[in-house]
Amino acid sequence: QMPARPPAAVTVATAVARDVPVYLDEIGKTVSVEVVSIVPQVGGKLIAAHVQDGDYVEKGQLLFEIDPRPFDAALAAAQATLAQNKADRELAQIEFKRMRELASKGTASQLEFDQDRVALAVTEAKVAAAEAAVQTAELNLEYAQIRSPIDGRAGARLVDPGNVVKASDASMQVIRRLDPIYVEFTITENELGTVRKFMATHGFEWGQSPERGLRVEVDVPGNSARVLTALGPTEPTSAPASASAGPRVGRLTFLDNAVQSTTGTVKLRATVANTDHYLWPGQFVNVRLILTTKTAAVLVPATAQQVGQQGPYVYVVTPDGTAELRPIVLGQRQGELLVVESGVQSGEKVVIAGQMAVMPNAKVQVTEAGPDGVPAQAAAPPPA
């Protein structure tokens, strides 16, 4: 007679109930909020470059200098012309005043009066034109110093000092703003209705406040520190100081106004704080759009799931030590955990190791995964 088969040794964990997010995972690309190509507005010899390639610059910081001497001379000439025209106007005012007195006494003809009146108007027009010429000369002299219009990071310098540049010619340098940063991604047209519904429930639709948009988590591919978090009651704080601190959190701020006919997708955009410049323009990133929170979802470790001919199942250990095979309906993955829509109740113990030796409805030798029956990977995710 064959000896009885000993109970299979298994490790179990306790299914838990927690609030978890419902989400869409997409691939996105980071885009600078502002990109400025530095182009000279006046021509001349470039005499200085004050920013090195890759430097961070502030709005108003001096980038390049064009030789200002021709513009100084042009300004001096315009100011001299203005002074001359003001003197001519002063003389015309005196002559017109005298002529008006003579005309009132009848000692001057109407023709002479009209000639002096028109001559005064001509000198006033010349003064106005000279003042405009002075403003233009001052503006050109100001343009000889090229300053950054935004805060951002400078790219490679495309023109070196010593070269002659022309007005509105080629770009001299490109500056990109890095904080905050846009993350653009797409969803399918089948998902559009769902996303719009949850956008509306969070107070962000056309014409409403984007600060209340859906939460978005962004991280670079391969970052093992990624942790999924549930929707919090408050707005996200600034980006973490450490580049290994996990995904960056932002808000959905833009939904395109049309479905692309060639791809059947709709473009969305999130705005993400990037104070530590962890995200870089043009970078492909993983995007998780949080739609809502599922309350009291049943979670089991992903290692508990088995797949058979009838679909996914788990072994549930009953109080008498019997392994019961339970078909399950799976929900979304939550880190190292899986949501079980049906088949397992919170508090039941599921087998997470040793399933190969288990026979359905047979006794098993149970080893708890931890002091509370929950393995390390089933610990609650930390808040964002």
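Trainee: What is the average pLDDT of the protein chain?
Mentor: The chain averages 85, and 86% of the residues score at least 70.

Trainee: Which strand has the highest confidence, and which the lowest?
Mentor: Strand β6, residues 62–66, is highest at a mean of 96. Strand β22, residues 362–368, is lowest at 86.

Trainee: Where does the pLDDT fall below 50?
Mentor: One stretch is residues 224–242, which has 56 contacts in the model beyond near neighbours in sequence. Another is residues 371–384, with 31 such contacts. Where pLDDT is low, the predicted coordinates should not be read in detail.

Trainee: Changing topic. How many residues are in the largest nonpolar core?
Mentor: That core has 25 residues, and V195 and L289 have the most contacts inside it. The elements giving two or more residues to it are β11 (181–188), α3 (189–201), β12, β13, β14 and β15 (284–301).

Trainee: What does V195 touch?
Mentor: Leaving out residues up to four places away in sequence, V195 touches L24, I187, L214, L268, L289 and L291. In soluble globular proteins, nonpolar side chains tend to be buried together.

Trainee: And the second core, how many residues does that have?
Mentor: The second core has 17 residues and is separate; among its members are I38, F64, A144 and I150.

Trainee: Back to β13. Why is it described as largely enclosed?
Mentor: Strand β13 covers residues 248–255, and six of its eight residues are buried, so the rest of the structure largely encloses it.

Trainee: Which strands does β13 pair with?
Mentor: Strand β12, residues 215–219, pairs with β13 in the antiparallel sense over four bridges. Strand β14, residues 265–272, also runs antiparallel to β13, and five bridges join the two.

Trainee: Which residues are bridge partners there?
Mentor: E217 has V249 in β13 as its bridge partner. F254 has R269 in β14 as its bridge partner.

Trainee: E217 is charged. Is it buried or exposed?
Mentor: E217 is buried, with a relative accessible area of 1%. E217 also forms a salt bridge with R215, whose closest N and O atoms are 3.9 Å apart. R215 counts as buried too, at 5% relative accessibility.

Trainee: How many salt bridges are there in the whole structure?
Mentor: The search finds 13. One of them joins R288 and D25, with the closest N and O atoms 2.7 Å apart. R288 is in strand β15 and D25 is in strand β2 (residues 16–32), so this pair ties together parts 263 residues apart in sequence.

Trainee: Are R288 and D25 buried or partly exposed?
Mentor: R288 counts as buried at 9% relative accessibility. D25 is partly exposed, with a relative accessible area of 41%.

Trainee: What about E324, which residue does it form a salt bridge with?
Mentor: E324 forms one with R326, and the closest N and O atoms are 2.6 Å apart. E324 is partly exposed at 27%, while R326 counts as buried at 18%. Salt bridges with shared partners join E324, R326 and E348 into one network.

Trainee: Helices next. What is the reach of α2?
Mentor: Helix α2 runs over residues 110–143, which is 34 residues, and reaches 50 Å from its first C-alpha to its last. That is close to the 50 Å expected at 1.5 Å a residue.

Trainee: Which residues of α2 are buried?
Mentor: F113, D116, L120, T123, V127, A130, V134 and A137 are buried. An α-helix has 3.6 residues a turn, so residues three or four places apart point the same way.

Trainee: And what do those buried residues pack against?
Mentor: They pack against α1, residues 69–105.

Trainee: Last one. What is the strand order in the open sheet of four?
Mentor: The order is β3-β10-β8-β5, with antiparallel pairing. β3 (35–38) and β5 (56–57) are at the edges with a single partner strand each, so one side of each has no neighbour in the sheet.

Trainee: How many bridges pair β8 with β10?
Mentor: Two bridges pair strand β8 (residues 152–154) with strand β10 (residues 173–176). R153 stands opposite R176 in β10.

Key. Residues are numbered from 1 along each chain as its sequence is written. This is a predicted model: local features need pLDDT of at least 70, side-chain atom pairs count only at pLDDT 80 or more; totals for chains, interfaces and linings use all residues. Side-chain values use heavy atoms; hydrogens and water are left out. Buried means under 20% relative accessible area, exposed over 50%, partly exposed in between (1.4 Å probe, protein chains only). Two strands pair if DSSP finds at least two bridges between them. A nonpolar core is a set of buried Ala, Val, Leu, Ile, Met, Phe, Trp, Tyr and Cys residues joined through side-chain atoms within 4.5 Å. Contact means heavy atoms within 4.5 Å. The expected span of a helix is 1.5 Å times one less than its number of residues. pLDDT is the predictor's confidence in each residue, from 0 to 100. A salt bridge is a side-chain nitrogen of Lys or Arg within 4 Å of a carboxyl oxygen of Asp or Glu.
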